[in-house]
Amino acid sequence: MFATVTTLLTRRVHVLLVLAVLLATLTPTAPALARAGESTEATGTSRSLSPRGAEVVDVTQVADRQIDLSVRSTALGGRTVKVRLLTPDGWNPADRRQHWPTFWLLHGCCGDYTSWTTLTDVAETDSLRDVLVVMPEAGWNGWYSDWWNHGQGGDPAWETFHTVELRHLLERDWGAGSNRVVAGLSMGGQGALLYAARHPGMFKATAAYSGSAHPLLNDESVNRIMGLFAGQGNDPLRVWGDPVAQRRIWQAHDPFHLAKRLRSLPVYLSCGDGTTGPLDPPGSTSALEADFNRQNHALAAELKRVGARHLTTHFYGPGTHGWAYWERELHASLPLLLGALRVDN
């Protein structure tokens, strides 16, 4: 009897050891980071496929605290796009116990994932050294949306890529925590408002600088955004469909019509009026900024009407659609955003 029990225990221990080895083999680990300018293709490091439909296929350190991830996405039809991370002091993705407050920073139309680090001082901003800043690619004119594609859906599905695939990937392997805020400019300002409204609980605060805050405001606003949708020879109806026939889709992507979902969040809205401002060359004007200014005033009024509790606006008058203003507004909004993350700035 004793020999039988001993044999059973021995077999059980053997099985457990085999399972442990298999788990260790199958569990992905964060790669060692490449040297500046060197990719993991050169170092031989690879990533495993995420169950959420995205995988990191290459990693490049481009500068101090700046890491570029090349992410292959199912939501984007299997294409590979870049995501830039501005990493906090002490960041170590191999330490699975460590999860950093995460600041999503979205680019605008005609820009890309490098825009914020190339055109502003975000990488030198000391108050951002305690958060993980995520700057994802969103397409030249992707509009932070899963495109309608004449009712067929599919590629590109930027919203799914960002809010599902990339979020899970970053939180699983790259030290991102569930404590998040989101900000962006122009198209990215609209994206920041949309993501905060359409995904309740995902972000603790949102900021939009010269954002497209109410594209259904009037015919001028609709025609302007349709013109932007048509950039690079695109069929503008692919994005949200026809503004009349697919009105519900348009409303579902219009921050004004989602104001009730934003009323409990800290919201920062800023915009110029499109006339020559203090940071512009003489004689500069911007019809786009003037339109977005009217849209932001409309959204602010609607947020107040529905009882928004933490709305901050900076409608600074003269100023065009330019980076000098967006850099300034980023800094102006940091107390609100980092306060929501409970980061001492």
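The largest nonpolar core in this predicted model has 60 residues. By nonpolar core I mean a set of buried Ala, Val, Leu, Ile, Met, Phe, Trp, Tyr and Cys residues joined through side-chain atoms within 4.5 Å. Buried is under 20% relative accessible area, exposed is over 50%, and partly exposed is in between, with a 1.4 Å probe and protein chains only. The residues with the most contacts inside this core are L69, L85, F161 and L170. Helix α5 gives the most to this core, with seven residues. A second, separate core has 26 residues, including V122, L128, L185 and L338. As a general point, nonpolar side chains tend to be buried together in soluble globular proteins.

Two notes on the numbers. Residues are numbered from 1 along each chain as its sequence is written, and side-chain values use heavy atoms, with hydrogens and water left out. As the model is predicted, local features need pLDDT of at least 70 and side-chain atom pairs count only at pLDDT 80 or more, while totals for chains, interfaces and linings use all residues.

Back to L170. Leaving aside residues up to four places away in sequence, L170 touches L69, L85, W104, V134, G175 and A176, where contact means heavy atoms within 4.5 Å.

Next, helix α4, residues 158-173. Helices here are DSSP runs of H or I with at least four residues, strands are runs of E with at least two, and both are numbered from the N terminus. The buried residues of α4 include F161, L166 and L170. Helix α4 has a kink of about 35°, centred on L166; the bend at a residue is the angle between axes fitted to the seven residues ending there and the seven starting there. After α4 comes G175, with a positive phi near 80°.

Now the strands. Strand β5, residues 132-136, has five of its five residues buried. On one side these are L132, V134 and P136, and on the other V133 and M135. Strand β3, residues 80-86, pairs with β5 in the antiparallel sense over four bridges; two strands pair if DSSP finds at least two bridges between them. In that pairing, L85 stands opposite V134. Strands β4 and β5 run parallel and are joined by three bridges, with F103 opposite V133.

What is the bridge partner of F103 in β6? It is V181. Strands β4, residues 100-106, and β6 run parallel, joined by six bridges. Strand β6, residues 176-185, has nine of its 10 residues buried. Four bridges join β6 to the parallel strand β7, residues 206-209, and the partner of G184 in β7 is A208. From β6 the chain crosses through helix α5, residues 187-198, to β7, and this β-α-β crossover is right-handed. Right-handed means that, with the strands pointing away from the viewer, the path from the first strand over the helix to the second runs clockwise.

Last, helix α11, residues 323-341. At 1.5 Å a residue, its 19 residues should span 27 Å, and the end C-alpha atoms are 25 Å apart, which agrees. The expected span is 1.5 Å times one less than the number of residues. A kink of about 45° lies at S333, shortly before the proline P335. Among the buried residues of α11 are W326, S333 and L338. Their cover includes β4, β6 and β7. After α11 comes R342, with a positive phi near 60°.
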